[in-house]
Amino acid sequence: MSLTPQDIERIAHLARIRVTPADVADVQVKLDGIFKLIDEMQAVDTTGVEPMSHGLDMVLRLRDDAVTEINRRDVFLKNAPESADGYFLVPKVIE
Amino acid sequence: MAWNTFSTVAETVKALDDKQVSAVELATHYLDRADALQPALNAYVTLDREKTLVEAAAADAKRAAGETAPLLGVPIAHKDIYLIEGWRTTCGSKMLENFIAPYTSTVVKNMSDAGMVTLGKLNMDEFAMGSSNETSYFGPVKNPWDVSRVPGGSSGGSAASVAAGLAPASTGTDTGGSIRQPAMFCNLTGLKPTYGVCSRFGIIAFASSLDQAGPFAQTAEDCALLLTAMAGFDAHDATSLDRPKENYSRDLSRPLNGLRIGLPKEFFGEGVAPGIAKAVDDALTVYRKLGAITVEVSLPNVKYSVPAYYVVAPAEASSNLSRFDGVRYGHRAAQYSDLMDMYMRSRAEGFGAEVKRRILIGAYVLSHGYYDAYYLQAGKLRRLIAEDFKRAYEVCDVVMGPTAPETAFQFGAKSDDPVKMYLNDIFTICANLTGQPAMSHPCGVDEAGQHVGMQIIGNYLDEARMLNVAHQYQLATDWHRKHPSI
Amino acid sequence: MFSQVTALTPTLTLSRAAGEGVNTVKLHMSQWEIVIGLETHTQLTTVSKIFSGSSTAFGAAPNTQASVVDLALPGALPVMNKGAVERAVKFGLAVGATINQRSIFARKNYFYPDLPKGYQISQFETPIVSGGGLTITLDDGSSKYIELTRAHLEEDAGKSVHEQFDGASGVDLNRAGTPLLEIVTEPVMRSGKEAIAYAKTLHNLVRYLDICDGNMQDGSFRCDVNVSVRPLGQKEFGTRREIKNLNSFKFMQQAIDFEVRWQIAEIEDGRKIQQATVLFNPDTGETKAMRSKEDAMDYRYFPDPDLPPLVVSDEMLARIKASMPELPEAKCARFSSEYGLSHYDALLLSQDGAMASYFETAVKAGGDAKLVANWMLGELSAALNREDKSIEQSPVNAVRLSNLVARIVDGTINHKTAKTVFEALWSGEAASVDAVIEAKGLKQISDSGAIEKIVDEVLAKSAAQIADYKAGKEKALMSIVGMVMKASAGKANPAQANAIVKRKIDAL
């Protein structure tokens with residue numbers, strides 16, 4: 001499988017990463033090489049195999065419904081690129 | 001024995017107990033070395049002498065007051081992926097160049113509770129994506145054995161700092177070999193525990209289903225002490241295993257008589273450099289002398305580890321790294337036209353090439369119409385690989401083989417070819433995919449004098465047994481006691 | 001092709017949306033079938049968020065209820081709230097659905113400033129609740145079963161404010177992570193009326209179960225309505241448009257009405273409906289497609305590796321089953337059979353838990369069931385509506401209403417004076433029924449001697465009416481009784497007064 005420049009643009013947009021036209025070719029070459037490696041796994045017939053994500057069988061633990069957090073807004077806002085009146089600011093969102 | 005720079009954690013505890021040295025003296029000593037060797041090795045991203053000395057003084061005060069904690073006053077350096085409140089935490093990325101952590105990760109908190117003193121934050125591949133430390137925004141870490149070579153990655157600073165005596169021990173994280181491979185490259189002992197043994201809370205996520213925290217030290221005995229401090233159930237992590245605290249040192253002195261070592265034929269093929277094959281063979285001879293027996297096993301699906309990994313890890317990473325959007329913290333581009341442009345530029349500027357590559361791979365394999373062929377297929381292969389190991393453990397207690405197919409390589413040797421770089425993790429990745437514990441210990445050198453590591457892959461939750469195995473080997477050998485002349 | 005059928009088809013006239021010119025068209029409504037499905041986001045009543053210990057209280061200062069998890073700080077991880085799971089299970093049991101004892105959380109990936117992780121944790125392939133349904137009753141008394149597809153747990157997003165800052169939007173993440181149960185119907189509704197009836201029934205149910213406060217103003221109960229039309233008799237569905245975020249039943253009705261007419265007009269004009277998300281503008285009464293997204297949404301769903309499978313244990317399931325309240329439908333049937341109420345009255349009294357409990361308290365205190373029902377649905381409801389009060393806030397509690405009804409039954413007061421008593425209780429003039437009766441002298445006159453005296457006085461002045469009655473005008477009798485009642489200041493027992501008047505005139 002090989003990716004087209006359109007594929008690169010599509011996924012770059014999905015991932016919100018600006019890829020300049022000049023970079024597309026290099027990204028494409030590198031990704032093609034990686035997908036060649038990845039596609040080796042397509043050779044395996046996995047019909048009927050249950051996918052696995054964590055080694056040991058895990059079940060979601062449930063926490064009691066209780067408020068345990070306090071307001072730490074001032075500390076958190078210190079890392080914000082832009083904030084005012086307790087809000088994080090972003091370029092105006094047009095709805 | 002008098003305390004020195006390369007004293008182990010166990011020896012350092014004894015020296016503190018015997019009042020040979022104080023926590024402040026220890027901290028000062030390692031901070032001085034760290035400062036002096038920073039230009040040569042670039043092992044640390046952040047040092048904060050004042051914070052460290054406050055902690056060390058507090059540890060001394062506790063000792064003076066008769067308080068005890070298992071590792072009270074022992075310094076430790078943390079990979080810069082662990083959040084520590086008030087410390088800058090960069091994850092090796094421009095994205096977080098100015099991020100001050102507002103809370104502390106559970107692992108660091110556990111180690112502080114055990115009395116350990118934070119020396120600083122260690123350099124690493126950006127967002128833990130890399131096997132050579134060349135992807136760090138803060139420049140590569142150098143291998144203290146040969147500064148023209150890489151220290152391994154992603155926990156390169158963690159390995160280099162301990163190898164060079166800039167810290168007696170360190171923490172790392174391991175998503176595909178990021179503890180074991182640098183441990184080998186720098187002649188250290190490093191352990192990746194069973195998935196869920198160490199809390200992931202407060203560790204910046206790379207691939208959530210693969211990431212595990214673990215220790216770097218000179219010896220298996222130290223790793224046991226460190227893991228005992230690090231590990232434990234954490235209600236903040238839904239994947240943390242809810243089980244009683246373990247003492248990982250409990251089996252160290254057990255003899256190896258009758259230990260069955262499984263040797264997968266897939267780990268001893270043509271891909272392995274001859275110098276590595278020889279060192280590993282020699283180590284196995286030692287193990288046999290110690291009473292172990294070796295049996296051949298087969299892990300036929302392990303050869304699909306790397307492809308499966310390069311689906312799972314980028315897929316999870318692409319989603320995990322979406323939070324770095326320049327809104328609440330992290331890098332925001334100086335110039336942008338609107339919200340979309342702000343996202344696109346901030347992320348393009350904040351992430352390095354390898355991170356971006358992996359995010360793009362992840363976005364692709366999860367995108368509409370590709371999920372079944374990639375993420376689902378990789379998940380099924382994880383099951384098949386786990387079943388291979390399950391069969392192997394019917395005839396053996398631990399699996400062994402080389403940690404990596406090549407020893408430490410020169411800077412730039414693989415940085416232009418991602419696939420070549422990825423294949424360096426060919427033997428380590430499987431344990432992340434299955435969630436099993438795995439470790440690396442020093443077992444010799446190749447023709448070029450570069451260090452070889454023996455990987456031990458254990459069954460789930462068999463850490464104490466694996467540490468016992470490595471410790472017995474280390475009692476019989478002295479590879480682990482060799483230090484670079486730097 | 002249907003636009004040619006004209007002769008016998010009722011037509012409807014409307015103005016087309018502004019901006020397209022005021023263009024009067026005739027639509028052939030009866031040729032079309034409307035297909036509606038609803039997706040309702042109900043905020044669950046947990047005190048803390050679905051994946052963190054932050055408060056879910058409404059109205060706090062921006063970002064003061066946003067923890068490391070809600071802000072998606074690096075290294076933060078979600079931890080599941082048991083209260084949210086229990087509420088979802090409770091809902092599933094109430095609608096007769098399948099509780100999937102193993103369900104999976106997935107990540108829905110997209111970028112938006114109020115979505116801090118860059119993904120929403122939701123349930124995709126395996127929701128916690130599958131199937132089930134609700135019976136709705138329409139105004140004409142007919143009922144219909146609305147099948148549910150599923151109900152799944154997910155987290156709410158934060159909010160952006162657009163007016164407060166110059167050239168910037170402000171992001172407030174207090175709401176981020178509030179637990180939602182998204183309840184999805186099959187496309188089985190065939191009119192706006194059915195959709196409204198469903199939404200109201202669901203709204204009653206979630207409040208009844210106490211899993212959602214139902215506050216539509218604050219966004220606790222938000223409906224997305226999928227609307228399509230197809231020619232009568234056609235099997236395939238038409239292309240649907242989704243009206244987002246309706247937070248009042250009135251707007252929902254207006255939005256559906258507009259949307260249906262718009263779609264029919266489009267098709268009859270020879271255009272095709274494009275799948276779209278639309279917003280309803282209450283000011284214009286129109287729906288309008290949102291600016292089309294720059295990229296087709298590709299959410300890249302995958303199971304959230306931070307959250308192992310959600311397992312509802314047998315023990316939990318049994319415990320919630322045992323704690324289930326009697327459901328409105330069962331309660332309605334019981335009110336009919338046990339208390340002899342009409343189906344309509346039983347339905348009205350059983351839909352709301354507080355109403356039902358008021359009713360049963362009053363009856364248990366000794367009030368006649370039918371009279372209690374009449375009073376609740378009559379005077380009491382009118383008074384509550386007038387003052388915009390809930391039944392819990394009623395100044396006349398169930399026991400007092402029961403006492404009031406008891407005094408009617410035992411003949412102490414009649415229906416007319418009972419209203420006076422009710423008003424006095426409502427306004428707080430007096431604390432007990434008997435005290436009001438006493439203070440206002442409302443006690444009914446049932447002493448026949450006293451009534452006879454009044455009747456004699458009235459008859460003495462009513463020669464004309466007596467003559468009319470004798471001449472066969474039955475109405476004249478009523479007029480005389482009325483005068484007797486008036487002379488007694490309403491206190492004479494009406495039945496007795498009637499009998500005495502009749503006896504005396506007949507004897508004349």
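Biologist: What pLDDT does chain C average?
Modeller: This is a predicted model, where local features need pLDDT of at least 70 and side-chain atom pairs count only at pLDDT 80 or more, while totals for chains, interfaces and linings use all residues. Residues are numbered from 1 along each chain as its sequence is written, and chains are lettered from A and ligands numbered from 1 in the order in which they are written. pLDDT is the predictor's confidence in each residue, from 0 to 100. In chain C, 94% of the residues score at least 70, and the average is 89.

Biologist: Over which residues of chain C is the pLDDT below 50?
Modeller: The stretch in question has 30 contacts in the model beyond near neighbours in sequence, a contact being two residues whose C-beta atoms, placed from the backbone, lie within 7 Å. The pLDDT falls below 50 over residues 1-23.

Biologist: Which helix gives the most to the side of chain A that touches chain B?
Modeller: Happy to walk through it! Here 42 residues of chain A are in contact with 58 residues of chain B. Two or more residues each come from helix 1 (5-14), helix 2 (21-38), helix 3 (73-77) and strand 3 (87-91) of chain A; helices (H or I, at least four residues) and strands (E, at least two) are DSSP runs, numbered from the N terminus. The most, 7 residues, comes from helix 2 of chain A.

Biologist: And which helix of chain B gives the most to the side that touches chain C?
Modeller: In this interface, 33 residues of chain B are in contact with 26 residues of chain C. Helix 9 (305-320), helix 10 (339-350) and helix 11 (353-366) of chain B each supply at least two residues. With 3 residues, the top contributor is helix 9 of chain B.

Biologist: Why is helix 4 of chain B largely enclosed by the rest of the structure?
Modeller: A residue is buried if 20 or more other C-beta atoms lie within 10 Å of its own, exposed if 12 or fewer, and partly exposed in between, with C-beta atoms placed from the backbone. The buried residues of helix 4 of chain B, among them Val107(B) and Met111(B), pack against strand 2 (75-79), strand 4 (170-174), strand 6 (212-217) and helix 7 (220-230) of chain B. Helix 4 (residues 106-113) is largely enclosed because its buried residues number 6 of the 8.
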